[in-house]
Amino acid sequence: MHPGPVRRLTRAQARRIAIVAQGFLDPRPEPFAATMRHVQRVIDRVGVIQIDSVNVVARSHYLPFFSRLGPYDRALVDRARDRAPRRLVEYWAHEASLIPPETWPLLDHRMRRAEQDAWGSIRRVVQERPDFVDVVQAEVEARGPMTAREVERALEHDRPRERDNWGWNWSEVKQALEYLFWAGRISSSGRTTQFERRYAALAVTPPPRLRSTWLERPGPEEDPQRFLELVRIAAKAHGVGTELCLADYFRMSRADTRRAIARLEADGELIPVEVPGWRPAWLHAAARVPRRVHAEALLSPFDSLVWQRDRIHDLFDFHYRLEIYTPSHKRVHGYYVLPFLHGDALVARCDLKADRAAGVLRCHAVTWEPEAPAEARPALERNLEQMAQWLGLRPGAGTRGP
């Protein structure tokens, strides 16, 4: 049977679908009135919150909630991550990320391949000193949750370096912990105020309904159902996307993503569509296709709306590049640059810094897109004032830029 004509979407329609799917049109609570229900709504929308250590404005995992809720109490996110019943756990999903506990077992294929795919130093410690890795795991299970430094101190007490030629150093402890974390043999129960990961036994971190099945590690290494679920989450969070978009959300292989798309298309969950510049693309069956969208949000450089640079260029005609690791004299827009979403367009880039010593949110520069409407400027000022309020700072003296 012929499948019939493929539905066509304009780029503007695809943009609006993406903005709605990412939760930017959900009603915002009053400033600092957000509850755990609002935090859970964001988690359900995006499915993955990226973590990054840079703290120029705020830790990156707090910013997506601000972008969708406005000023809120960051302790809500800490509680969702650190206290039972946990709504977020940490793992390598997109990059280092916070994900719902139910998503964690879906990444079992990555855990099983830790010895092949982890960074070189991590692989070396398990290949050269598997006995030491086992000792580190036992220490975490006996004493955790613990930071790497706490594990080192505990080992110094339990396994002194000088006894029976037992030699190790701090970096080996950290490497062993990172391998165990990557391999799913231990997990994390959150971070310290210094952003150190607190390693914990698996029996501590998954919710009770997952513990017994997860610890048994059932199923084959390459379970198609797991890939199907990951692509389903990505498709719902995107609203509409290409194979590359859906693969990138959880950093899956294109082949695994392609097979999952075919299954979801056959089941009617994904609908083939044509979008100018994209071929092929798929629309999630439950995605809203609004006639108009008005959203306002400052976006973290690590926000899931802007992860995939080709997607942002194709849909928003917005060239975005992270310049944190670019030498200062080669930066075009600044060090920590937040895109500004206004209406259904990305209209500006803001180079921001939370100057905590002076108590000021500084906007070093604003670069406007050529077609940015005049009303976007006061909207940006409002959003900067809200961000300063959220961070407990004063807004800077204003913005500058072409």
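Modeller: What follows goes through selected salt bridges, then a sheet, a loop residue and a pair of helices. The model is a predicted one, and a search of the whole structure finds 29 salt bridges.

Start with helix α5, which covers residues 108-112. Asp-108 and Arg-112 both lie in this helix, four residues apart, or about one turn. Their side chains meet in a salt bridge, with N to O at 2.4 Å. The two partners can be set side by side by their accessibility. Asp-108 has a relative accessibility of 0% and therefore counts as buried. Arg-112 has a relative accessible area of 29%, so this residue is partly exposed.

The next salt bridge joins the side chains of Glu-172 and Arg-129, at 3.3 Å from N to O. Glu-172 belongs to helix α10 (residues 170-182), while Arg-129 sits in the loop between α7 (120-128) and α8 (130-143), so the pair ties together parts that are 43 residues apart in sequence. Glu-172 is buried, because its relative accessible area is 18% and the cut-off for buried is under 20%. Arg-129 is also buried, at 19%.

Helix α10 holds another pair. Lys-174 forms a salt bridge with Glu-178, and their closest N and O atoms are 3.6 Å apart. These two residues are four places apart in α10, which means that about one helical turn separates them. Lys-174 is partly exposed, with a relative accessible area of 26%, whereas Glu-178 is buried, with 8%. Lys-174 and Glu-178 also belong to a network with Glu-90, Arg-191 and Arg-197, joined by salt bridges that share partners.

β3 and β4 (residues 96-99) pair in the antiparallel sense over four bridges. Within the sheet, Trp-92 stands opposite Ala-96 in β4.

Leaving aside neighbours within four places in sequence, Phe-195 is in contact with Ile-51, Asp-52, Ser-53, Arg-59 and His-61. The C-alpha atoms of Phe-195 and Asn-55 are separated by 9.9 Å, although the two residues are 140 apart along the chain.

Helix α12 (residues 224-238) and helix α14 (residues 254-266) have axes that come within 9 Å and cross at roughly 75 degrees. That angle is why α12 counts as roughly perpendicular to α14. On the α12 side the residues that meet α14 are Phe-227, Leu-228, Val-231 and Arg-232. On the α14 side they are Asp-256, Thr-257, Ala-260, Ile-261, Arg-263 and Leu-264. By class, this contact has six nonpolar, one polar and three charged residues.

Note on methods:
Residues are numbered from 1 along each chain as its sequence is written. This is a predicted model: local features need pLDDT of at least 70, side-chain atom pairs count only at pLDDT 80 or more; totals for chains, interfaces and linings use all residues. Side-chain values use heavy atoms; hydrogens and water are left out. Axes are lines fitted to C-alpha atoms, for helices over the stretch in contact, and angles run from 0 to 180 degrees between N-to-C directions. Angles under 35 degrees count as roughly parallel, over 145 as roughly antiparallel, 65 to 115 as roughly perpendicular and the rest as oblique. Contact means heavy atoms within 4.5 Å. Ala, Val, Leu, Ile, Met, Phe, Trp, Tyr, Cys and Pro count as nonpolar, Asp, Glu, Lys and Arg as charged, and the others, Gly among them, as polar. Two strands pair if DSSP finds at least two bridges between them. A salt bridge is a side-chain nitrogen of Lys or Arg within 4 Å of a carboxyl oxygen of Asp or Glu. Buried means under 20% relative accessible area, exposed over 50%, partly exposed in between (1.4 Å probe, protein chains only).
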